[in-house]
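Reader: I have a new model on screen. Please show me how to read a few of its features.

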Amino acid sequence: MSRLLESYVAGRWVAAQDAGTPLPSALDGSEIARISSTGLDLGEMVTYAREVGGPALAAMTFHERAGALKALALTLMAGKAEFYAASTSTGATTRDSGVDIDGGFGTLLSYAGKAKRELPDATVHLDGNLEVLGKGGTFLGRHIYTSRRGVAVQINAFNFPVWGFLEKLAPAFIAGVPSIVKPASSTAYLTELVFRRIIESGLLPEGSVQLLSGSARGLLDHLGGQDSVAFTGSADTAATLRAHPNVVEKGVHFNAEADSLNASILGADALPGTPEFDLYVKQLVTEMTVKAGQKCTAIRRALVPLALVDAVIDAASERLGRVVVGHPDADGVTMGALAGLEQLDEVRKSVRGLQKSATVVFGDPDNVEVVGADAATGAFISPILLRADADSNEVHELEAFGPVSTVIGYESIDHAIELAARGEGSLVASVVTNDTETARALVLGLAAFHGRVLVLNREDAKESTGHGSPLPVLVHGGPGRAGGGEELGGIRGVLHHMQRTAVQGTPDVLTAVGQRWVTGSQRSIGDEHPFRKSLAELKIGDTIVGGPRLVSRADIDHFAEFTGDTFYAHTDPAAAAANPLFGGIVAHGYLIVSLAAGLFVDPAPGPVLANFGVDNLRFLTPVKAEDSLTVTLTAKSITPRSSADYGEVRWDAVVTNQDDESVATYDVLTLVAKTRTEGN
């Protein structure tokens with residue numbers, strides 16, 4: 001008997017109390033492993049996540065979590081050969097395994113990088129701008145995101161045993177929420193292998209990740225309002241989970257990615273012989289054959305102009321005729337097996353359903369030539385291309401989750417949009433056209449029914465990641481039939497796991513809560529210039545006031561001549577006087593910023609290494625000759641960089657005139673050494 005897969009529960013590997021259910025190889029039906037969760041204490045898993053994993057993650061900043069995730073990704077990548085070897089038994093070719101395995105590790109790296117760049121080195125994320133709630137400026141409001149004090153349960157599908165769990169785990173981990181990973185049984189042996197290497201690495205805090213191998217029945221009984229469930233699978237199962245009493249009554253956060261009848265639309269301009277026609281056919285065949293069509297984003301409906309239906313079928317059939325089905329290790333094989341014999345039966349059943357209103361124009365669901373394996377024992381099937389009329393019902397209702405797609409003719413752009421919408425909500429649609437107006441009309445018409453729309457043409461084809469590739473920086477999900485959920489999307493995916501809270505209070509309170517200085521908070525003006533302080537010495541609120549500095553007409557004339565900015569408001573008294581906004585010659589905005597820098601900069605070498613930008617610059621009041629400028633510069637936020645001997649300091653800059661009117665406001669961005677060096 002083969003090995004029984006284990007679960008990782010409360011810091012230990014645990015085997016079920018029975019022999020488990022056999023997991024057959026997709027290639028020959030031989031037993032790879034067994035799986036069961038009988039006897040596991042699911043309540044213990046949830047409690048351990050909340051009481052051990054949650055506090056451990058809460059003690060880490062976003063940047064520290066990102067560093068752990070990056071280290072994990074690099075460790076897993078270094079040992080990926082064994083994952084590729086195990087992936088073969090799922091029916092995956094080397095190309096298929098790359099999408100799953102390298103795609104999963106790439107998602108970890110993407111989230112680690114995004115968190116370092118876009119989130120603070122803190123545990124609180126600020127959302128949006130301050131809201132002034134009182135006339136005196138002493139009562140303010142701001143939204144913040146904090147980690148929920150629960151667990152993220154992740155129920156995954158069989159088709160991506162590596163990427164499928166890592167794309168859910170990564171944003172939850174960055175958010176500071178522990179995960180319980182539940183893989184689909186048929187390919188769980190690959191998930192368990194990767195998970196073992198994660199635990200062995202010791203890179204993630206104890207309790208931050210747990211693995212449930214086998215049934216999750218009863219798991220939702222232990223969840224509450226601080227917990228979440230992210231589900232990928234069938235619409236029927238999603239509906240069952242969504243109706244669970246704890247989801248309905250206790251507010252368990254539920255996200256589903258379910259069935260999706262994705263469409264690809266060929267523009268009327270993309271005639272045979274054009275690059276777009278060839279791109280369309282190539283993409284269609286690729287989406288049918290990668291992972292043997294077992295992708296929630298694969299093209300199920302190929303919508304083409306009526307006049308081009310035959311041409312598309314002929315070109316796609318010719319290309320499909322070159323597909324070699326068989327054992328992934330056999331020479332020349334370009335498409336492997338479905339995940340198992342049960343999946344093969346499901347696909348054949350779905351094809352028979354489609355045939356009620358569609359005709360098979362390429363392939364045979366019951367017969368396939370297989371290289372390097374036995375078609376009688378493996379889950380092999382031929383690519384199947386069908387043809388259907390637009391008014392067919394089954395093609396808009398039934399998904400064959402395999403290498404199956406249907407070509408459907410459309411009459412107009414509006415008709416194409418109507419047909420795509422009959423899928424009742426999809427993860428992705430693609431548009432292949434070189435006409436920007438056609439692209440615009442289709443994108444705007446499709447957007448309400450899809451989570452993602454790809455526009456492909458000769459210009460972006462070389463860089464395009466393809467119709468069926470979800471990206472960590474873009475949202476993955478869709479309305480209606482597709483589940484109504486949303487995953488990934490960069491930092492959006494992180495914030496799904498966090499609680500947004502509106503905080504009201506004084507400026508000092510909001511500064512303390514968000515660790516970011518806000519207008520009206522206390523400033524600290526000392527004897528030492530803030531630019532003489534290292535990152536370790538500098539405090540939020542440290543301030544320098546510089547000025548006043550008189551602005552002369554000679555300053556304005558010199559700046560115009562020196563820079564070449566001779567706009568009439570700075571050089572032509574008559575024209576400037578006629579301008580209703582100025583009423584005379586005014587100083588250049590960038591002259592104001594330059595003069596302000598001269599008022600706050602400390603010129604000697606010191607901890608401040610560089611100014612790397614200015615954010616949110618606004619000019620509020622015109623400055624005329626003989627006005628006097630004063631600048632107030634305050635340390636707004638301080639962010640050390642873990643990978644360098646310096647960090648970032650954001651300064652709040654306010655320039656005022658002699659009447660105390662705000663002339664300009666902006667943020668100055670500097671790099672500051674963590675410690676002082678000798679002589680500085």
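Reader: Is Asp660 buried or exposed?

Author: Buried means under 20% relative accessible area, exposed over 50%, and partly exposed in between (1.4 Å probe, protein chains only). Asp660 is exposed, at 61%. A caution on the source: this is a predicted model, where local features need pLDDT of at least 70, side-chain atom pairs count only at pLDDT 80 or more, and totals for chains, interfaces and linings use all residues. Residues are numbered from 1 along each chain as its sequence is written, and side-chain values use heavy atoms, with hydrogens and water left out.

Reader: What is the phi of Asp660 near?

Author: Most residues other than glycine have a negative phi. Phi of Asp660 is near 65°, a positive value. Asp660 sits in the loop between β27 (646-656) and β28 (662-673). Helices (H or I, at least four residues) and strands (E, at least two) are DSSP runs, numbered from the N terminus.

Reader: Where is Lys291, and is Lys291 buried or exposed?

Author: Lys291 is in the loop between α9 (275-289) and β13 (301-305). Lys291 is buried, with a relative accessible area of 6%. Its phi is also positive, near 55°.

Reader: Which peptide bond is cis?

Author: Most peptide bonds are trans. The bond from Gly547 to Pro548 is cis, with omega near 5°. Pro548 belongs to strand β24 (residues 543-550).

Reader: Which residues does Val325 touch?

Author: Contact means heavy atoms within 4.5 Å. Not counting residues up to four places away in sequence, Val325 touches several residues, including Val333, Met335 and Phe380. Val325 lies in strand β14 (residues 325-326) and is buried, at 4% relative accessible area.
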